[in-house]
Amino acid sequence: MDKLRQHLRAHFGVERVEVAWIGGSATWAAPVPECLGLPADHILHFSGIETPWGPVGRCRLVAVEGRPVLRIPVHGWLTPEGRFDPGPVASMRAFYLLRELGVRAVIIDASVGGITLAPGDILVASDFIDPHDKPLALEFARQLGLRPWVRLGEPYCPVLRSRLISAAQRLLAADPDGSRPLTGTVHTEGTYVTTPFGVFETAAEIEQYRQAGWSVVGQSAGIETMLARHLGLHLGHISVAANWAEGLEGGRWHGDMAGFYRDCALPMARIGWEVVRSLVLEDAGTWTCSCETIGVSTDLTGLPVPEA
Ligand SMILES: [Zn+2]
């Protein structure tokens with residue numbers, strides 16, 4: 001951590017990193033931001049920073065308009081050795097790093113199964129469901145001495161949602177052919193259902209989610225969103241549907257899933273890059289919104305009284 005802080009001072013003259021971009025499967029088929037044609041000397045690769053849950057995986061510190069942006073690819077699931085090790089604990093390491101660096105605004109890209117989204121549609125989530133990872137969010141809070149019981153009302157930042165929506169709509173309209181397999185449809189509201197890691201959903205589960213009115217299903221957003229709220233961060237989440245969720249459209253599964261990921265990585269990286277660049281240029285996180293206060297608006301300091 002000390003080396004990283006020295007690098008920040010020496011190269012950027014700053015003590016903190018305001019903006020972070022956690023990549024997910026929407027961009028796991030390409031190196032970001034190298035795939036956008038940036039010179040390599042603008043990128044510092046690092047890993048292995050110790051956290052209470054083990055070392056942080058592979059990360060990049062990227063110069064954007066002369067300011068540092070933290071890029072964590074693949075949700076932090078690439079170990080320092082480059083091994084693919086998915087799981088929610090990687091998010092606890094990643095958000096520990098965000099806290100250490102003083103990050104204020106973070107965007108996340110992901111891919112999902114579509115319940116109301118067709119393959120290639122984009123969702124900028126407005127809400128989420130995750131009953132499974134709440135014990136991990138509590139463990140994160142306890143370990144860092146944060147208060148439990150943060151509110152999860154309006155979990156995604158209205159400012160970042162608006163930035164992601166307009167960047168996606170603008171880029172997809174400007175270059176529809178170059179953006180395929182993205183369809184150009186951007187869903188501006190919807191709920192992301194988080195299911196536990198490692199096993200996909202049954203058709204019966206998806207039917208239950210569909211009847212509840214939920215939009216997409218995935219395995220990463222819940223823990224990330226709860227940790228962002230614990231830290232009072234502005235968070236925006238954008239996902240692309242890689243396939244129909246199980247059982248929908250007659251259980252149809254389009255043929256070349258790896259090809260889909262290889263093709264969607266660049267347009268999704270362009271959208272993310274435009275948003276982080278706009279945040280850097282406009283002093284990320286200096287706006288006033290509910291993200292930093294809604295979580296602590298149930299401040300119960302002093303309770304219970306010792307005499308109770
Ligand atoms: Zn906000």
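User: Which residues of helix α1 are buried?

Analyst: In this predicted model, helix α1 covers residues 2-12, and its buried residues are Leu4, His7, Leu8 and Phe12.

User: Why do the buried residues of α1 line one face of the helix?

Analyst: The general idea comes from the helix itself. An α-helix has 3.6 residues a turn, so residues three or four places apart point the same way. In this case, a view down the axis of α1 shows the buried residues within an arc of 100 degrees, so they line one face.

User: Which exposed residues sit on the face of α1 turned away from its buried side?

Analyst: That face carries Asp2, Lys3 and Ala10.

User: What covers the buried residues of α1?

Analyst: The cover includes the strands β2 (43-46), β3 (59-64) and β4 (67-72), along with helix α2 (88-101). Just after α1 comes Gly13, with a positive phi of about 65 degrees.

User: Which residues are buried in helix α3?

Analyst: Helix α3 runs over residues 134-143, and Ala137, Phe140 and Ala141 are buried in it. Around the axis they cover an arc of only 95 degrees, which puts them on the same side of α3. The face turned away from that buried side carries the exposed residues Pro135 and Arg142.

User: What do the buried residues of α3 pack against?

Analyst: They pack against α2 and α6 (221-230). Just after α3, Gly145 has a positive phi of about 70 degrees.

User: Where is Asp175 found, and is Asp175 buried or partly exposed?

Analyst: Asp175 belongs to the loop between α4 (158-174) and β8 (186-187). A residue counts as buried under 20% relative accessible area and as exposed over 50%. Asp175 has 33%, so it is partly exposed. From Leu8, Asp175 is 167 residues away in sequence and 36 Å away in space, C-alpha to C-alpha.

User: How many helices and strands does the protein chain have?

Analyst: The protein chain has 8 helices and 11 strands. Of its 308 residues, 52% count as buried.

User: What radius of gyration would a compact globule with 308 residues have?

Analyst: It would be near 19 Å; the protein chain has 19 Å, so the two agree. Along the principal axes, the C-alpha trace spans about 60 × 55 × 35 Å.

User: What share of the contacts with a separation of 6 or more is between residues 24 or more positions apart?

Analyst: In the protein chain, such pairs account for 80% of those contacts.

User: How far apart are the mean positions of the positive and negative charges?

Analyst: The 26 positive and 34 negative charges have mean positions 4 Å apart.

Conventions. Residues are numbered from 1 along each chain as its sequence is written. This is a predicted model: local features need pLDDT of at least 70, side-chain atom pairs count only at pLDDT 80 or more; totals for chains, interfaces and linings use all residues. Side-chain values use heavy atoms; hydrogens and water are left out. Buried means under 20% relative accessible area, exposed over 50%, partly exposed in between (1.4 Å probe, protein chains only). Helices (H or I, at least four residues) and strands (E, at least two) are DSSP runs, numbered from the N terminus. The arc is that of the directions from the helix axis to the C-beta atoms. Contact means heavy atoms within 4.5 Å. The radius of gyration is taken over C-alpha atoms; the globule rule is 2.2 Å times the number of residues to the power 0.38. Lys and Arg count as positive and Asp and Glu as negative; His and the chain ends are not counted. The place of a charge is taken as NZ of Lys, CZ of Arg, CG of Asp or CD of Glu.
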